[in-house]
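Take a look at the model below and get your bearings. Then we'll walk through it topic by topic.

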Amino acid sequence: MVEAPEWDVAVVGAGPGGLAAACAAASAGARTLVLERAAHPRYKTCGGGLIGTSLGIAATRIDVPARDTVAAITFAFDGRRAFTRRGGDAPLLTMVRRDDFDLAWHDAAVAAGAVVRQNCQVRSLTQGPRSATVGLADGSTVTAGVVIGADGSAGITSRHVGVTFDQQDLGLEVEVAADPAQRAAWRGRVLLDWGPVPGSYGWVFPKDDELTVGVIMAKGRGGETKQYLARFLERLGLADRPVRRDSGHLTRCRSDDAPLRRDRVLVVGDAAGLLEPWTREGISYALRSGTWAGQAAAAAGASVDALAGYERQVARELVPEMVAGRRLLRVFEQHPGLVHAAMATPLGWRAFRSFCRGELSMAHVVRRRFISVAVRALAGPAPLPTWPSPRICRADPAGVSGRGNASAG
């Protein structure tokens with residue numbers, strides 16, 4: 001007789017994606033365990049800007065710990081040709097610090113009935129016919145009917161599933177203390193500065209007594225990225241401000257044919273390479289994919305085939321957004337000046353504003369007639385996604401082991 005697993009669902013990683021999955025699974029009655037390598041509250045590199053899509057999901061589970069509400073965006077082209085657009089009555093973005101935001105999701109998962117084990121390092125992952133087994137650094141194991149991986153793109157679950165990535169970018173970020181004058185100057189306003197290297201940009205996000213200042217560009221140009229950040233801070237008059245935190249991180253977008261599942265193991269958010277390729281916005285992708293994975297895992301029971309519904313939902317709702325984002329990134333890389341000029345037009349600003357508020361997805365923006373014609377002319381015909389039909393990938397009987405990272409992003 002095969003012994004039943006200890007847990008219905010085990011989630012590896014307690015960032016927004018993992019905790020959204022835990023909330024969904026536990027709320028549906030599944031015995032849910034979350035394994036997190038750190039302890040909340042913990043700092044996480046992130047711009048912390050919630051678009052309307054993220055805010056809508058979060059508001060159903062938590063009291064969003066907003067540090068600022070953004071009503072205006074200033075656009076600049078490598079420090080030149082700056083202009084500001086305002087959103088009107090409704091906010092454009094809600095700014096959070098990830099230690100606050102993730103802690104609120106932790107508390108929501110616990111309230112929903114999930115058990116969270118912190119300071120818990122995952123080292124291995126194997127699968128059998130009725131369960132998956134997670135090996136921990138202390139030598140103990142956890143068995144679950146379904147494992148949801150939310151431990152980042154370099155984590156053990158992503159490697160186990162076999163996720164591949166076709167876009168990798170390096171982001172560098174500092175949190176600087178803002179004096180009263182700087183707090184007043186930046187309150188309610190974000191800066192997006194299109195950078196000197198194709199596809200790069202910088203940002204300033206206000207968070208009450210701190211400013212998050214960062215830049216991002218393609219991986220492999222680390223020296224240029226550091227120089228870009230230094231010049232950016234100098235230009236903004238922030239180079240001499242006290243730095244409370246500084247960090248770097250890689251963002252990775254999935255290949256079109258990368259899997260989301262290997263038998264009983266699903267991956268969500270960064271672990272699945274799910275994020276918007278142009279802006280590199282990832283929180284909304286983590287919350288959506290995490291919620292869907294948690295619902296699918298709770299409904300799966302003993303049938304692994306039920307998990308294919310998660311793959312279909314991602315293919316239907318997130319993949320078109322990523323395809324659209326790749327097309328816009330291509331336009332931005334080739335014609336940054338035109339993209340900057342477009343933001344000054346009523347049509348361009350309305351589309352960007354609607355995306356920020358969660359009223360339009362990136363796919364819907366690109367489908368708008370005038371924008372579609374312009375994108376086709378500038379970037380060429382839309383590539384057809386090669387997303388595979390949902391399938392079951394047979395696990396390696398020997399399993400996969402190695403060092404894991406259970407801190408989701």
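The largest pocket holds about 990 Å³ of space. On a 1 Å grid over the protein atoms alone, a pocket is an open set of points where a 1.4 Å probe fits, with protein on both sides within 12 Å along at least five of seven lines, and lining residues have an atom within 4 Å of a point. Grid points are joined across faces, edges and corners, and the volume is the space filled by probe spheres set on the points. Keep in mind that this is a predicted model, where local features need pLDDT of at least 70, side-chain atom pairs count only at pLDDT 80 or more, and totals for chains, interfaces and linings use all residues. Residues are numbered from 1 along each chain as its sequence is written, and side-chain values use heavy atoms, with hydrogens and water left out.

**The largest pocket**

- There are 47 lining residues, and Cys 46, Gly 47, His 249, Thr 251 and Arg 280 are the closest to the pocket's centre.
- Two or more lining residues come from each of strands S13 (189–194), S14 (201–207) and S16 (243–254), and from each of helices H7 (283–300) and H11 (346–357).
- Helices (H or I, at least four residues) and strands (E, at least two) are DSSP runs, numbered from the N terminus.
- S16 is the top contributor to the lining, with 5 residues.
- Sorted by class, the lining has 23 nonpolar, 14 polar and 10 charged residues; Ala, Val, Leu, Ile, Met, Phe, Trp, Tyr, Cys and Pro count as nonpolar, Asp, Glu, Lys and Arg as charged, and the others, Gly among them, as polar.

**The seven-strand sheet**

- S16 turns up again here: 7 strands form an open, mixed sheet in the order S6-S5-S13-S14-S15-S12-S16.
- Strand S6 (80–86) and S16 are at the edges with a single partner strand each, so one side of each has no neighbour in the sheet.
- Two strands pair if DSSP finds at least two bridges between them.
- On average, neighbouring strands of this sheet are turned by 15° against each other, direction ignored; the axes are lines fitted to C-alpha atoms, and angles run from 0 to 180 degrees between N-to-C directions.
- S14 and S15 (residues 210–218) run antiparallel, joined by 7 bridges, and Lys 207 has Glu 210 in S15 as its bridge partner.

**Other strand pairings**

- Another open sheet, with antiparallel pairing, has 3 strands in the order S3-S7-S4.
- S3 (49–50) and S4 (68–70) stand at its edges, each with a single partner strand, so one side of each lacks a neighbour in the sheet.
- S3 pairs with S7 (residues 93–95) over 2 bridges, and Gly 49 is bridged to Met 95 in S7.
- S9 (residues 122–127) and S10 (residues 132–136) run antiparallel with 5 bridges, and a hairpin joins them through 4 residues.

- Most residues other than glycine have a negative phi, and most peptide bonds are trans.
- The peptide bond from His 40 to Pro 41 is cis, with omega near -5°, and Pro 41 lies in the loop between S2 (32–35) and S3.
- Arg 81 isn't a glycine, yet has a positive phi of about 55°; this residue lies in strand S6.

**How confident is the prediction?**

- The protein's mean pLDDT (the predictor's confidence in each residue, from 0 to 100) is 88, and 89% of its residues reach 70 or more.
- Over residues 384–409 the pLDDT is below 50.

Notes:
Contact = heavy atoms within 4.5 Å.
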